[in-house]
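Subject: Structure for your review

Dear colleague,

Please find the structure below, followed by an account of what was found in it. I would be glad if you read the text with the model open beside it.

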Amino acid sequence: MPRHPTSRARILIFLAALLLPLCGQAADDGPGCLDCHTPEPDSHVHDIFASVHGKLDGGGAAACTSCHGPSATHDRRGRRVPPDVSFGPRWPSDLETRNGACLACHNNGEQLMWAGSPHQQENMACTDCHTLHTGADPVLDKNQAVEMCGSCHTKVRAELQLPSHHPIAEGKTVCTDCHNPHGGAGDAALREVTVNDNCLDCHQEKRGPFLWEHEPVSEDCTLCHRPHGSVHDRLLVTQGPALCQQCHSAAFHPSLPYGGENLPGGSASRYVVGKNCLNCHSQVHGSNHPSGARLTR
Amino acid sequence: MKAKHRLLLPLAAAGVLAAPVWSADTAPASQDKDDATAEGEYTPLLPSRATADSRWNASSRGQVQLGAGYTSDDNFMFGQYNGLSSEGASLIGNLRWRDSNSGDSWWRARVDDLGLATREGQFTWGKAGKLRLELGFDSQSQVRNDSGLTPFRGGDTLRLPGDWVGGADTAGWPGLDTALHRFDRELDRDKLSASISAALNAQWRVKAGFSYETKQGTGDIGGAFYSDASQGDAALLPLDIDYRSSEANIGLSYSGTRLFLDGALEYSGFDNGNDALTWDNPYDITAGPGALAQAPDNEQYRGRLSGQWIMSPEARLQFDGSYALASQDQDYLDWSANPGVAIVQDLPRNNYDGEVAIGTFNGKLLLRPLPKFEVEAFYRARDRDYDTPRDAYPYPRGDSADQPGQALAVYNTAYDYHSHTGGAELAYRLPLRSRLSFEYAFEVVRRDNTAVRETKEDSYTLGYRIQPWHNFTARLEGSFRNRNASTYRWDQRYYALLDTELINATPDSQRYINHPDFSQYYMANREQWEGKLDLGWQPAEDWNLNLGLSWRDDDYDASELGLTGSQWGRLHLSASWTPSKDLSLSAYGGADRFESDQNGRAFRGGQEKNAFEIYPPLPQASDPGRNWSLDATDTSLTLGANLRWQFAADLALEADYNYVDTQGEQDLAAAGAADLDPQDYPSVDTRLHHFTAAATWQMNRRLSLRLDYQFYQYDSNDWALRGLAVDSAGQLLSFGAQNPDETIHYLGASAIYRWE
């Protein structure tokens, strides 16, 4: 005898049919990320809503999918399937996918030259430096950024401690003032097109042009200075007068050897003590005095 | 021949290492895919991130830190840049405040070092993806060695006491001791900035920025009086600094699907409040004053365009170019500030009216013709063209001698500079997550009015990176560069600077300034070898170890006099241990050694300027017996350690220690001339211990207490200052500054209040 649904069953089926469109409506409301990822004391997931990234696509779960992708399967099957884009640590997507999520928006300005940059060549992920699920990304705080760079670039971190240095270790100048960690078209991912342009951003008084130029100055500051730090005063590569005598050997005093006999206790010489050559030739970055041909005025 | 062999070496090495590339390339494609799947991709071994600054809780909406600190003594090395150079109490004031609950807009504010001369702050407001406004201020303070004394008083005009009596030599000046006073060598920068950027639509964005900065304080500079070099007297002078600079920019960026452009027009103006520094002559106050010109006002307009064109998934072009016009028309000072100097000829013009056009271009073409093969072709150019008048300047020497005749006039000279660099890097990914790369670059540099018209350099770089295991990486890089200079035109500078009358009056063989056998190293022939080795190892998940070795050798093989060679060696080790998110410990150590060798020849002018006459007795300029050499060696040892420890749920500890020990040596020798006997310099040693520690105790959800402590000990014995009193050198009135020898303690106590 065939079985027929009872009246009660018919009613249930009818009600279910009525609810189906409502379910569909619910599905159109968007992903249910926040149904499972609820605020928890030990989880930082919701901290992103205290940042600008939490407002993407109108905020809420839409902000999640703007970076993690629609993740429909993850939405349905939860812990068993990763979201479309996962930044780890459990299910990290491949590097290109992870970085692609960021580069989809950050494709100009600072990040314009990311492709081919030293950090990209090193297969670094954006999240190696940046923390998104936080109200304030620590690396965007200039005091913490130097520490972040120094954790990998320890050789430079050591140079910053040398007796003569820029105020980088002190946090007044930061690595990113000169370098763009996202890459540049020139050497060392410098922000400016040349080394000198970088230096002259802060030292405009040395820009000139001067009536009497000192040609290595306008060519390359690093011929005489080490920007990260030096054993010698004023970031110099070598202590004078030897430094000057690497390029100057004119008759009389520029050509003479100046040794320890020129120190106090011997016959303290104006060519050696104090500022050595710069005791007289003080305008080494250029002079605008009509009588300054020898860079003394 | 030797050079050719050296050229062949890297090429041969490239060939050997390229063999696996070829074999890998010819392997079946399916095998490549399997390899890639099985091995995964190269992943850098980064140290685990240390806990962020424990003062700031990223989940709090606002936090303010207020307290007081105490510095144990006046100093100029510890407080060189951090605003803590004075003994006594200082205010601790820091703020982090943000809000993002107002629709799609947000803002954040930051203030640091409120109670110090290094205070800075920033306020940023934005509407997500649409608008961003930023306002900021930044103060910096730099103090330098302030242990010196000077008898001068005043700002841009330095005066000596009315009863001043000098003399030919600094020894025994009767009024010197009573006139000496201390002065602070300190510079303060204060900068205000504002910027705005707005999205016009999905592709276009406009941005603009403005900043105004002042730099004021007292520096130092040397001032000289002389009629010729043998009659030179000098004095170190306090330099009054009053700089102002303004910068403005406006830009437009475009983000298409394949084309991205970022263009900007920029202005930068520099205004110096002081045109000159004038000072009394301490050697003979009745002889009249001297003056030097301070940096001239100048301005620069620049256009810059950078961009990227993604031609296909495997090809993209990147470029960054700029064109700038820098100019200055600061009015000239008089020939001399000294009314006693006889002037017979007017200035050739009232101001320099100089302009220089600076063009730059960096371009890269990135290609990936095969999945594992990458090519980067690059081209860089830099052009510096002067558009300046050229005049004769018969200038009086050192505010002491009368104006000379036209024959001794010197001409200002333009140093146009043009460089072009082109090359390519080829990189291939091999098994074991390895990458082999080879780069060739060719650079040509042309300079006007210098001893070398043109230099050409070939550069070869071979790099190999491998990650045979997921916890180990090795990177090896070797480079060879060979720079060839065109004919060394030792007389060029003579012709460029001097007057025809003088040139004609000088025998051909004496028309030089630098010795004809002398080469300026940065445009001399050079062979440069460089090697680097970096190893990274993560023996366990919470450990990260690194070793770096680098070495460079510069051989100026065609230079007889001047810099002839230098070597740079460096060893570096670092380790970090992060067993949990609550504890991280890192340490590093590095040793550097830099050596350079330079030669010179001591010679006088007059009849003996002829460097080519070989007859007894030899003129000094052509006598190799008058050669001398200088070997300089700089070494540094740096050690450091850092601890971040969340000791308990409510107690965070931080400690950081750095030790730096440096040594600079210069040893001299002479070839044998009886009047040349240079002595070695005593070594210059510096030693630094810097320890910082902090403890943050979270009393409750809103309030924390923090203690900061710093110990700083630094001393040096630079011979330029060692035992140098104001009047130690007869022809130099120095500051008599002492080498730093500081032991400083700093203690700070503060409260941090948070709100949600």
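Helices (H or I, at least four residues) and strands (E, at least two) are here DSSP runs, numbered from the N terminus. Read in that way along the sequence, chain A follows the pattern α-α-α-α-α-α-α-α-α-α-α-α, which amounts to 12 helices and 0 strands.

Before the details, a word on conventions: residues are numbered from 1 along each chain as its sequence is written, while chains are lettered from A and ligands numbered from 1 in the order in which they are written. Please keep in mind that this is a predicted model, in which local features need pLDDT of at least 70 and side-chain atom pairs count only at pLDDT 80 or more, whereas totals for chains, interfaces and linings use all residues.

Burial in chain A

A residue is called buried if 20 or more other C-beta atoms lie within 10 Å of its own, exposed if 12 or fewer, and partly exposed in between, with the C-beta atoms placed from the backbone. On that basis, buried residues make up 47% of the 297 residues in chain A. Two residues are in contact if their C-beta atoms, again placed from the backbone, lie within 7 Å; among contacts in chain A between residues at least 6 apart in sequence, 47% join residues at least 24 apart.

Helix α8 of chain A (residues 142–152) is largely enclosed by the rest of the structure, because 8 of its 11 residues are buried. The buried residues are A145(A), V146(A), E147(A), M148(A), C149(A), G150(A), S151(A) and C152(A), and what covers them includes α7 (126–129), α9 (154–159) and α10 (175–178) of chain A.

Between the chains

The contact between the chains takes 100 residues from chain A and 139 residues from chain B. On the side of chain B that touches chain A, the residues divide into 63 nonpolar, 57 polar and 19 charged, where Ala, Val, Leu, Ile, Met, Phe, Trp, Tyr, Cys and Pro count as nonpolar, Asp, Glu, Lys and Arg as charged, and the others, Gly among them, as polar.

A nonpolar core is a set of buried Ala, Val, Leu, Ile, Met, Phe, Trp, Tyr and Cys residues joined through C-beta atoms within 7 Å. The largest one has 55 residues, of which V273(A), L237(B) and L277(B) touch the most other members. Elements of chain B that give two or more residues to this core include β10 (204–225), β13 (276–279) and β30 (627–648), while β11(B) gives the most, with 7 residues. Leaving aside its neighbours within four places in sequence, V273(A) is in contact with residues of both chains, among them L263(A), P264(A), A720(B) and L724(B). A second, separate core of 13 residues includes L688(B), Y712(B), Y714(B) and I744(B).

Backbone points to check in chain A

Two peptide bonds are cis, with omega near 0°: the bond from G88(A) to P89(A) and the bond from G208(A) to P209(A). P89(A) has its place in the loop between α4 (72–77) and α5 (95–103), whereas P209(A) lies in the loop between α11 (195–200) and α12 (215–219).

Positive phi values in residues other than glycine occur at S71(A), near 55°, and at N123(A), near 60°. S71(A) lies in the loop between α3 (61–68) and α4, and N123(A) in the loop between α6 (118–121) and α7. S71(A) counts as partly exposed because it has 18 C-beta neighbours inside 10 Å, and N123(A) is partly exposed with 17 other C-beta atoms within 10 Å.

With kind regards
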